[in-house]
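Please keep the sequence and the structure in view while reading.

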Amino acid sequence: MTVASATPSSLPWQPVRQADATLVAQLAEGLARRIDEQGLRPGTRLPSIRKMAEQSGVSRFTVVEAYDRLVARGLVQSRRGAGFFVRARSGPLAAVAAAAPATLAPPARIDVAWLLRSMFRETSALGMPGGAGLLPPDWLDPEMVAGAVRAVGRSVRGHLVSYGHPQGFAPLRQQIAASLQNDGVPAHPELNLLTTNGVTHGLDLIARHLVKPGDTVLVEDPAWFVIFGRLAAFGARLIGVPRGPDGPDTALLEQLAAQHKPKLFIVNSAVHNPTGHTLSAGAAYDILRIAERHDFMVVEDDTYGELHPGGAMKLAVLDRLNRVILVGGYSKMLAASLRVGYLAANPDVLQKLADLKMLAGLTSPELGERVVHRVLMEGQYRRHIERVRARVDEARQRCLKGLLKLGLTVHHEPHAGMFVWADCGRDTEVLARAAADRGMLLAPGTLFSPSQAPSTMLRFSVTIADHRGIWADLEKIFAQTGPGNQ
């Protein structure tokens, strides 16, 4: 008798007695395995809860939870009054999964959307360290984060099922305020701070508040590509200000501000993305003087600031949160999935941003904010940052040597951070396409400019220093895309 034609009572169920998993997980996984292997075909009725409990030697509660897990996974369907049945696997979801390509081919012209989709699809077995903006898990401290998650789970209980405060978890804001004050930023936890779902969310709130269709926004060139798309979605007119080792071209900034009357200027002060450079004191003062003369706001993106060894010039310190809105976060240094960031601004601007946050999503998830608070409270974060920074610095030096050996040019060595901005001497979109064919993600320079013009520059993550295979692939890619092969 085949399993497909067997009655529920005749199925050869074995009691679940393994010691390395819970009884619920064992029972659910055993049934899931039989469904996947077609031992239980679509339409087969599972034994009743009572009979399954008797045959497996477990309680009825265990069977109920195991069946519920199978329902949640889409493997089993519950029919009121009839029992549980194996679901057919040929629905729309199965078709989509079967049709999904293992890799994502670049479009006719590489754009930001393709790069982001590729990053999240994990098309490379190596985690795509060439172009992704994340540090590998083993460079961070997952156990520190997991320990904080467990501690929060044991302590909060009822608080997890209620809304948090719209401005963010108050103890975390107090910690952020203390840290910023220690750096010289006059941030009050109630008047000047708002938590966000990461830096991207913070920049989105600022754009929603300050930018209307047709407004001019000045951005650095090169700069972080995601903000270009976000501002364009609001109808902004983007104008790039060339970025050098000491900061933006302030003479051109003055000229553009006088001509276009911008609403704001977005700038990386410490550890610029993608070059790794940091503002000089002179450039910082010039930016603020120009902003005052031409009446525009300055957004200071401090995403990678913690990778700076110290002493970096912060615009928010000089300006005292008058025209400057400071944006920071913890995802890069703790965990990418821990979407916790913050905004620091003057009280009037902050209140408007808080209102927008409530209108868009009421509050930011308090669970993640409590986890970050726990990490900061236990005093491990400073030492953690020092360890990560040391590893990044060491990898950056090895990465620089490797890129120079390949014949690339680094016009100005980065001061700090996890990126190297290198001149490849050829159109890097061609390089990115060749890399994609090998399952490697590279970020061509065209994406980092608001003009989207062809570029010979390419952003490398220093994490490639630890992957021997990538260097061999890069050498082949450069040989494949050399002048004689284009």
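In which loop is Arg323 found? In this predicted model, Arg323 is found in the loop between helix H12 (315-319) and strand S9 (324-329).

Is Arg323 buried or exposed? Its relative accessible area is 18%, and because residues under 20% count as buried, Arg323 is described as buried. The side chain of Arg323 makes a polar contact with the side chain of Asp295, at 3.0 Å. When its neighbours within four places in sequence are left aside, Arg323 is in contact with Asp295 and also with Ala291, Glu292, Phe296, Met297 and Val298.

The rest of the report turns to pairs of helices. Two packed helices are described by the angle between their axes and the distance between the axes, and the table lists these values for each pair.

| Helices | Axis distance | Angle |
|---|---|---|
| H1 (residues 23-36) and H3 (residues 60-72) | within 8 Å | roughly 45° |
| H7 (residues 170-183) and H14 (residues 366-377) | within 9 Å | roughly 45° |
| H8 (residues 199-210) and H9 (residues 225-233) | 10 Å | about 30° |

On the H1 side the contact is made by Leu23, Val24, Ala25, Leu27, Ala28, Leu31 and Ala32, which meet Thr62, Val63, Glu65, Ala66, Tyr67, Arg69 and Leu70 in H3. The residues of this contact divide into eleven nonpolar, one polar and two charged.

H7 and H14 also cross at roughly 45° and are therefore oblique to each other, but the crossing of H7 and H14 is left-handed. Here Pro171, Leu172 and Gln175 of H7 make the contact with Glu369, Val372, His373, Leu376 and Met377 of H14. Sorted by class, the contact of H7 with H14 has five nonpolar residues, two polar residues and one charged residue.

How are H8 and H9 oriented to each other? Angles under 35 degrees count as roughly parallel, and the angle between H8 and H9 is about 30°, so these two helices are roughly parallel to each other. The crossing of H8 and H9 is right-handed. In H8, the residues Thr200, Leu203, Asp204, Ala207 and Arg208 meet Val226, Ile227, Arg230 and Leu231 in H9, and the residues of this contact divide into five nonpolar, one polar and three charged.

Definitions and conventions
Residues are numbered from 1 along each chain as its sequence is written. This is a predicted model: local features need pLDDT of at least 70, side-chain atom pairs count only at pLDDT 80 or more; totals for chains, interfaces and linings use all residues. Side-chain values use heavy atoms; hydrogens and water are left out. Axes are lines fitted to C-alpha atoms, for helices over the stretch in contact, and angles run from 0 to 180 degrees between N-to-C directions. Helices (H or I, at least four residues) and strands (E, at least two) are DSSP runs, numbered from the N terminus. Contact means heavy atoms within 4.5 Å. Ala, Val, Leu, Ile, Met, Phe, Trp, Tyr, Cys and Pro count as nonpolar, Asp, Glu, Lys and Arg as charged, and the others, Gly among them, as polar. Buried means under 20% relative accessible area, exposed over 50%, partly exposed in between (1.4 Å probe, protein chains only). A polar contact is a pair of N or O atoms within 3.5 Å; within protein, one must be able to donate a hydrogen and the other to accept it, and residues adjacent in sequence count only if both atoms are side-chain atoms. Angles under 35 degrees count as roughly parallel, over 145 as roughly antiparallel, 65 to 115 as roughly perpendicular and the rest as oblique. A crossing is left-handed if the near helix is turned anticlockwise from the far one by less than a right angle, and right-handed if clockwise.
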